[in-house]
Amino acid sequence: MIGHQNMKIVSHESIAADIYELVLEGELTKRMTSPGQFVHIKVTTGNDPLLRRPISICSIDPDLNQFTMLYRVSGSGTRVLAERATGASVHVLGPLGNGFPVDYLKHGERALLVGGGIGVPPLYELSKRLTERGVHVTHILGFQTEKAVFYKKEFEALGDTYIATVDGSYGTKGFVTDVADQLSFQPDAYYTCGPAAMLKAVEAKFKDINGFISMEQRMGCGIGACLACVCHVAGDESNLLYKKVCSDGPVFKSGEVVL
Amino acid sequence: MSRFGIELPGLTLKNPIMPASGCFGFGKEYSQFYDLSLLGAIMVKATTREVRFGNPTPRVAETSSGMLNAIGLQNPGLDHVLQHELKWLEQYDVPIIANVAGSTIEDYEEVAETISRAPNVHALEINISCPNVKEGGIAFGTHPDTARELTEKVKKVSSVPVYIKLSPNVTSITEMALAAEEGGADGLTMINTLLGMRLDSRSGKPVIANKTGGLSGPAIKPVALRMVYEVSQKTALPIIAMGGVSDEMDVIDFISAGASAVAVGTANFVDPFVCPAIIEKLEDRLKEWEIEHIHDLKGRSWMDIGETAYHRT
Ligand SMILES: Cc1cc2nc3c(=O)[nH]c(=O)nc-3n(C[C@H](O)[C@H](O)[C@H](O)COP(=O)(O)OP(=O)(O)OC[C@H]3O[C@@H](n4cnc5c(N)ncnc54)[C@H](O)[C@@H]3O)c2cc1C
Ligand SMILES: Cc1cc2nc3c(=O)[nH]c(=O)nc-3n(C[C@H](O)[C@H](O)[C@H](O)COP(=O)(O)OP(=O)(O)OC[C@H]3O[C@@H](n4cnc5c(N)ncnc54)[C@H](O)[C@@H]3O)c2cc1C
Ligand SMILES: Cc1cc2nc3c(=O)[nH]c(=O)nc-3n(C[C@H](O)[C@H](O)[C@H](O)COP(=O)(O)O)c2cc1C
Ligand code: FES
Ligand code: FES
């Protein structure tokens, strides 16, 4: 169920170049159950910036009533957010959308998690849930450069973790797909989130296995009412069928929508 | 009598607040947040004869205190709207204003005739002001003669009162309002979005795939207010006003400018509870100001002090 709350900032730190970790506290956390869901946050009161910003839930701590988001400062909204201090509050609407299905894999099966840049965060809670179930998890995380790398240790604590950087300053030089080429096993399913080009490349590479793909689109309402965030359905010749990324997604089954 | 009850052609409103077309879908999403029967009315998403996908994405962009959209009239088509969306809305005690769009006059006539027969549709809002489609929409809303002709034709086939939704993208909105009135319109709704654009400063290219989009939100309120102020003095038609409304003071401003009721668009995206919140705060405000009826404020921006039922300094 979608709720809303003014949530308190309990910690707010820079963890990599332009990347911040933000921990929020409040009862709304209790509703957050599925990894891959996102929240829509109003970074400050008033009209500028006006719209909410969609940010993925990165990890959930129900005992402390806290959840964590990782975000990158890119435009006006995230710039304002980065200035909000511990103790202040931000208004959160969520959780929104449908997350990654954790129960798709059984104890002992193998999951491949592929994240690119700021698409990495939702994979963290997912990885925690999968490993709790006894699923073997392998992570491939892609970044532009060494300075942009984050959460490497956190992912390593859950399973094998390979890093690719485009400039080669850390880990394998190249894309996540270059690392995937060298995998020594066939995963039972993959889960991915990141830039559109990466999602396409990952879907094409693993066309023989089932995967779950988290999409992104510019949003208005975030709840399925405004039709800002639609994408086409794969194989639909009429070109009239659509899915809403905010409420039908953001996670789709591989082959379900046009990336 | 309540401070709020309002009678308009086809519409008995329990309060003057309604969500604006395209900003509320067909209500389902917002029904998870509150009881839709709280609303004065609902202006549902534009309906065309055939199903439409709309424009490519990105379809929205943010601007200073506002947003641009180029959804492009995406909707499931007349039959589906009748059989599913409007049917579903019947469970609520709220009048529906159906937003009608099309590419040709015949399209408008067909949709208007059919949709006006739905039991919960109490009025039509004829969208001659969509800035985001190549055919139809605003093409009918920028020439007085075309607007008059379209109004006449739609009036003939509609079984409920007809409101014409005016575009601000014209030299004289008053001229358009008068054309609608001559065509036999029962009321006006105004304003639709203002044509605008945003560029990605780095690439220099438009952010929205359609290149241009319609500007809405608090940024357009001064324009909308000025237009309601002008039009309400020149026509006898009731006006449902919209453009940047996000709190009860905005509502009071539009009523003071001459509107009879007010619609809320973009603000629903910022706060899904905004409509019931405005209704509650508006009632408190009227109590505080000891105003017996919201329409005691109507048109006071241009009336002489002696004429207004309520005057406050
Ligand atoms: C489901 C989903 C989950 C996301 N999760 C994260 C996350 O965990 N961490 C993170 O850093 N970012 C995430 N993003 C991207 C994030 O929403 C944008 O980076 C952010 O909205 C940019 O806002 P801004 O004010 O900095 O940029 P501006 O350019 O000022 O934003 C202007 C408008 O465009 C929208 N916008 C701009 N860039 C994007 C984008 N890439 N995607 C969607 N809308 C955009 C904004 O929401 C705003 O409405 C996610 C996006 C989606 C759709
Ligand atoms: C939930 C969520 C969903 C998102 N979905 C999308 C989305 O669908 N589309 C989108 O544009 N952005 C998406 N984003 C945001 C996106 O990750 C970033 O905003 C931005 O698009 C890329 O940012 P970056 O600079 O961090 O990634 P980059 O640093 O540019 O890329 C990260 C890594 O992705 C891999 N990669 C990139 N391109 C390719 C390629 N062509 N082939 C193989 N591997 C490649 C590389 O390993 C690279 O190091 C999403 C974010 C979140 C949180
Ligand atoms: C995303 C979006 C979709 C819209 N779709 C429609 C529509 O289908 N028909 C219509 O008449 N107006 C449509 N409008 C215009 C609004 O109904 C309203 O006239 C305008 O947004 C000004 O009000 P606001 O500033 O409160 O949003 C749309 C506006 C937005 C932002
Ligand atoms: S953002 Fe409004 S429908 Fe998805
Ligand atoms: S796209 Fe909304 S009125 Fe045209």
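**Figure legends for chain A**

**Figure 1. The accessible surface of chain A.** Chain A exposes about 10900 Å², and carbon and sulfur atoms supply 47% of this area. The model shown is predicted. Of the 259 residues in the chain, 54% count as buried.

**Figure 2. Overall dimensions of chain A.** Taken along the principal axes, the box filled by the C-alpha atoms of chain A is roughly 50 × 45 × 35 Å. The radius of gyration of chain A is 18 Å, which agrees with the value near 18 Å that a compact globule of 259 residues would have.

**Figure 3. Secondary structure and contacts within chain A.** The chain contains 5 helices and 16 strands. When contacts between residues at least 6 apart in sequence are considered, 63% of them join residues at least 24 apart.

**Figure 4. Charged groups of chain A.** Chain A carries 25 positive and 28 negative charges.

Figure 5. Glu216(A) belongs to the loop that runs between strand 13 (211-214) and strand 14 (230-232) of chain A. Because its relative accessibility is 68%, Glu216(A) counts as exposed; the cut-off for this class is over 50%.

**Figure 6. Glu216(A) and Ile19(A).** These two residues, Glu216(A) and Ile19(A), are 197 residues apart along the chain. A distance of 18 Å separates the C-alpha atom of Glu216(A) from that of Ile19(A).

Technical notes
Residues numbered from 1 in each chain as written. Chains lettered and ligands numbered in written order. Predicted model: local features only at pLDDT ≥ 70, side-chain atom pairs only at ≥ 80, totals over all residues. Heavy atoms only, no water. Helix = DSSP H or I, 4+ residues; strand = E, 2+ residues; numbered from the N terminus. Buried < 20%, exposed > 50% of the residue type's maximum accessible area, 1.4 Å probe, protein only. Rg over C-alpha atoms; globule rule 2.2 N^0.38 Å. Contact = heavy atoms within 4.5 Å. Areas by Shrake-Rupley, 256 points an atom, 1.4 Å probe, with all protein chains shown as cover. Lys, Arg positive; Asp, Glu negative; His and termini not counted. Charge placed at Lys NZ, Arg CZ, Asp CG, Glu CD.
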